[in-house]
Amino acid sequence: MIDVNAPVTDPPPPPSLEQPKNYKLDIVDNNTKITLDSVPWNTESNEGDVVPDYEPVPIVNEVPDEPPRPVKFPEKMPKPVDGFDNMYAFLRSNLHYPEIPRTLGISGTVLVEFVVERDGSITNVTVAAGVSPELDKEAVRVVKLMPRWKPGEQMGKTVRCSYSIPIKFTIH
């Protein structure tokens, strides 16, 4: 409960802040050896310790041999060499429904992502949306078996492209 008749008092002043210490900066000759005793922030006294000579690290302007990130929507999308109808026929003929999901009645569509490299090979095959571990594994296996594709193009040059395809598992 608040006492309305209590006298109003000013809040206490903020605590005082300690002022930083001023250090004198001495410019020295490049050949002068600096000891740890002459450094103002050294709290330990290690007489005779000497700071090692400065050894510059060479600057290397090399870019690692890492492939560029795949393009999602290039000017010319990658496509199977024999066409999409033949690609889906290939997938149907090589896809095997795993026994455990079949007996349990598990079905659904696995969305598989992969990269079509500049040479048309299929790499980095992963599951973007899965159904079950067994069905996901089978979808990845069959996509890895696909023959090379015609790579995508951007500004007249072949580029790495990310691509995804749905693989549907149905029980008949």
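Predicted model: local features only at pLDDT ≥ 70, side-chain atom pairs only at ≥ 80, totals over all residues.
In what order do the elements of the protein chain run from the N terminus on? They run β-α-α-β-β-α-β-β-β-β, where helices (H or I, at least four residues) and strands (E, at least two) are DSSP runs numbered from the N terminus.

Residues are numbered from 1 along each chain as its sequence is written, and side-chain values use heavy atoms, with hydrogens and water left out.

Of the 172 residues in the protein chain, 23% are buried; buried means under 20% relative accessible area, exposed over 50%, and partly exposed in between (1.4 Å probe, protein chains only). A nonpolar core is a set of buried Ala, Val, Leu, Ile, Met, Phe, Trp, Tyr and Cys residues joined through side-chain atoms within 4.5 Å. The largest such core has 21 residues, and Phe114, Val143, Met146, Ile165 and Ile167 have the most contacts inside it. Helix 1 (84-94), strand 2 (108-116), strand 3 (122-129), helix 3 (133-144) and strand 7 (161-169) each supply at least two of its residues. Helix 3 gives the largest share, five residues. Contact means heavy atoms within 4.5 Å. Beyond residues up to four places away in sequence, Ile165 touches several others, including Met87, Leu91, Phe114 and Val143.

**Aromatic pairs**

Rings of Phe, Tyr and Trp (its six-membered ring) pair if their centres lie within 6.5 Å; planes under 30 degrees apart count as stacked, over 60 as edge-to-face and the rest as tilted. The count comes to six aromatic pairs, and two of them are listed below.

| Pair | Centre distance | Plane angle | Type |
|---|---|---|---|
| Phe84 and Trp149 | 6.1 Å | 90° | edge-to-face |
| Tyr97 and Phe169 | 5.5 Å | 85° | edge-to-face |

Phe84 in helix 1 and Trp149 in strand 4 (residues 149-150) are 65 residues apart. Phe84 is partly exposed, at 33% relative accessible area, whereas Trp149 is buried, at 3%. Tyr97, in the loop between helix 1 and helix 2 (99-104), is 72 residues from Phe169 in strand 7; both Tyr97 and Phe169 are buried.

**Arginine 160**

Arg160 is found in the loop between strand 6 (157-159) and strand 7. Arg160 is buried, with a relative accessible area of 10%. A polar atom of its side chain lies 2.6 Å from the backbone oxygen of Pro68.

Methods. Polar contact = N/O pair within 3.5 Å; in protein donor to acceptor, adjacent residues only side chain to side chain.
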